[in-house]
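Thanks for coming, everyone. I'd like to walk you through one chain today, from the overall fold down to single residues. Have a look at it first.

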Amino acid sequence: MQSPEKETRPELSTMSVQSVPTFPLRSIDEKAIPLIGFGTAEDPFGASRDTLKETIIEAIKLGYRHFDTAAVYQSEQPLGEAISDALRLGLIKSRDELFITSKLWCSDAHRDLVLPALHKTLKNLKLEYVDLYLIHWPLSLKPGKHDFPFKKEDMVPMDMKSVWEAMEECHDIGLTKSIGVSNFSCKKLETLLSSARIPPAVNQVEMSPMWQQKKLRKFCEEKGIVVEAYSPLGAKGAVWGTNQVMECDVLKEIAQAKGKSVAQVCLRWAFEQGVCVIVKSFNKERMKQNLDIFDWRLSDDELLKISQLPQCKGYPALEFVSDDGPFKSLQELWDGEI
């Protein structure tokens with residue numbers, strides 16, 4: 001996916017309210033993806049379950065149209081209820097105005113469990129289809145539980161070929177408009193692409209100014225895979241988060257010079273790299289600020305300073321590493337991309 005600032009990039013369409021730009025996915029029947037998504041993962045999962053519906057309704061009022069959930073987040077049901085209420089209240093005229101992403105949890109990453117898992121997701125969301133369905137991680141867990149953290153002895157290798165075939169079937173029968181992956185390295189994408197009938201449309205990975213994923217972004221652009229950035233602000237305060245982004249002096253200096261927040265600088269930077277960002281704040285003012293990144297830009301000097309920041313992955317995902325599991329080291333999990 002090319003940078004929004006390059007002339008070679010396809011013309012962006014816009015959505016209502018805050019006019020969030022969109023980018024087309026692979027094929028004609030797939031809906032364009034809004035380049036800012038509203039994330040619903042929090043630490044611990046389900047912590048704001050009772051108030052999440054109202055937060056999502058507020059997000060729709062502000063202009064968010066892309067919502068990111070997952071089976072393990074415990075946010076599918078509140079999101080579904082919010083969509084129903086938004087339709088009833090006239091905040092949106094049709095479900096088709098929204099772009100909904102969910103993810104297959106590792107305990108369902110088995111050939112015969114993918115379709116039932118998506119059916120359960122759709123029941124939770126009260127929808128007939130999702131716009132994007134992702135494999136959450138490139139490994140499987142023993143079937144039965146949707147827990148995080150999980151027992152390391154429950155980790156088993158994923159049969160990537162057969163699981164992806166089941167994902168393709170979900171696409172074929174119209175339960176998801178697009179299929180993709182999350183937390184896949186270049187090497188794991190190569191393995192998947194070698195047998196895939198339908199290539200992944202998206203790879204959702206950690207990305208921020210402090211973890212810029214240059215190699216992976218180049219690979220994905222060459223293969224026609226859209227990169228989605230999670231934790232673009234570092235997910236400060238979460239178990240998978242770090243404060244290194246929001247406390248970065250270079251980013252603070254740029255923000256002060258621009259009269260913007262550090263968060264806005266991070267999101268604008270990601271937009272200028274040509275990626276989709278998943279941003280999560282349940283604070284109304286910050287939710288609004290996170291959409292205010294499209295009518296200004298970073299200078300070449302500012303972009304250069306950001307490109308030279310020391311790189312450090314915020315979430316190494318040690319939970320997925322075990323001497324007895326499919327990945328015995330972080331190097332194996334990320335194939336050296338760490």
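**Cavity, pocket and a buried helix**

By class, 5 nonpolar, 2 polar and 2 charged residues line the largest cavity. Keep in mind that this is a predicted model. The volume of that cavity is about 60 Å³. Which residues line the largest cavity? They are F184, S185, V205, W211, Q213, L216, K313, W334 and E337. The count of cavities of 30 Å³ or more comes to 1.

Let me stay with one of those lining residues, Q213. Q213 sits in the loop between strand 10, residues 202-206, and helix 6. Its phi is near 55°, a positive value in a residue other than glycine. Most residues other than glycine have a negative phi. Is Q213 buried or exposed? Q213 has 13% relative accessibility, under the 20% cut-off, so Q213 counts as buried.

Now step back to the whole chain. We have 11 helices and 12 strands. The C-alpha atoms fill a box of roughly 55 × 50 × 40 Å along the principal axes. What about the radius of gyration? A compact globule of 338 residues would have a value near 20 Å, and the chain has 19 Å, which agrees. Of the 338 residues, 56% count as buried. The chain exposes about 14,500 Å², and carbon and sulfur atoms supply 50% of that. Then the contacts. Take those between residues at least 6 apart in sequence: 71% of them join residues at least 24 apart.

L291 and V20 are 271 residues apart in sequence, yet their C-alpha atoms are 7.5 Å apart in space. L291 lies in the loop between helix 9 and helix 10. With a relative accessibility of 2%, L291 counts as buried.

Next, the second largest pocket. Its volume is about 310 Å³. It is lined by 23 residues, and the closest to its centre are A71, E76, K120, N124 and H146. Which elements give two or more residues to that lining? Helix 2 (76-89), strand 5 (99-104) and helix 3 (114-125) do. Helix 3 gives the largest share, 5 residues. By class, the pocket lining has 10 nonpolar, 8 polar and 5 charged residues.

On to helix 8, residues 262-272. How many of its 11 residues are buried? The count is 11 of 11, so helix 8 is largely enclosed by the rest of the structure. Look at the residue types here. Buried residues of helix 8 include V262, V265, L267 and F271, but also Q264, R268 and E272. What do they pack against? The partners are helix 6, helix 7 (249-258), strand 12 (276-279), helix 9 (284-289) and helix 10 (300-307). After helix 8 comes G274, with a positive phi near 85°.

R217 has a relative accessible area of 15%, and under 20% means buried, so R217 is buried. What does R217 touch, leaving out residues up to four places away in sequence? Its contacts are M207, Q212, V227, W269, Q273 and V275. W269 belongs to helix 8 and is itself buried. R217 and N203 are 14 residues apart along the chain, and their C-alpha atoms are separated by 9.5 Å.

Two backbone points to finish. First, S231. It has a positive phi of about 50° although it is not a glycine. S231 is in the loop between strand 11 (226-230) and helix 7. At 13% relative accessibility, S231 counts as buried.

Second, a peptide bond. Most peptide bonds are trans. Where is the cis one? A cis peptide bond joins F148 and P149, with omega about 0°. P149 is in the loop between strand 7 (140-141) and strand 8 (155-156).

To close, two things to look at again on the screen. One is helix 8, with 11 of its 11 residues buried. Happy to take questions.

Notes:
Residues are numbered from 1 along each chain as its sequence is written. This is a predicted model: local features need pLDDT of at least 70, side-chain atom pairs count only at pLDDT 80 or more; totals for chains, interfaces and linings use all residues. Side-chain values use heavy atoms; hydrogens and water are left out. On a 1 Å grid over the protein atoms alone, a cavity is a set of points where a 1.4 Å probe fits but cannot get out, and a pocket is an open set with protein on both sides within 12 Å along at least five of seven lines; lining residues have an atom within 4 Å of a point. Grid points are joined across faces, edges and corners, and a volume is the space filled by probe spheres set on the points. Helices (H or I, at least four residues) and strands (E, at least two) are DSSP runs, numbered from the N terminus. Ala, Val, Leu, Ile, Met, Phe, Trp, Tyr, Cys and Pro count as nonpolar, Asp, Glu, Lys and Arg as charged, and the others, Gly among them, as polar. The radius of gyration is taken over C-alpha atoms; the globule rule is 2.2 Å times the number of residues to the power 0.38. Buried means under 20% relative accessible area, exposed over 50%, partly exposed in between (1.4 Å probe, protein chains only). Contact means heavy atoms within 4.5 Å. Accessible areas come from the Shrake-Rupley method with a 1.4 Å probe; for residues, only the protein chains shown count as cover.
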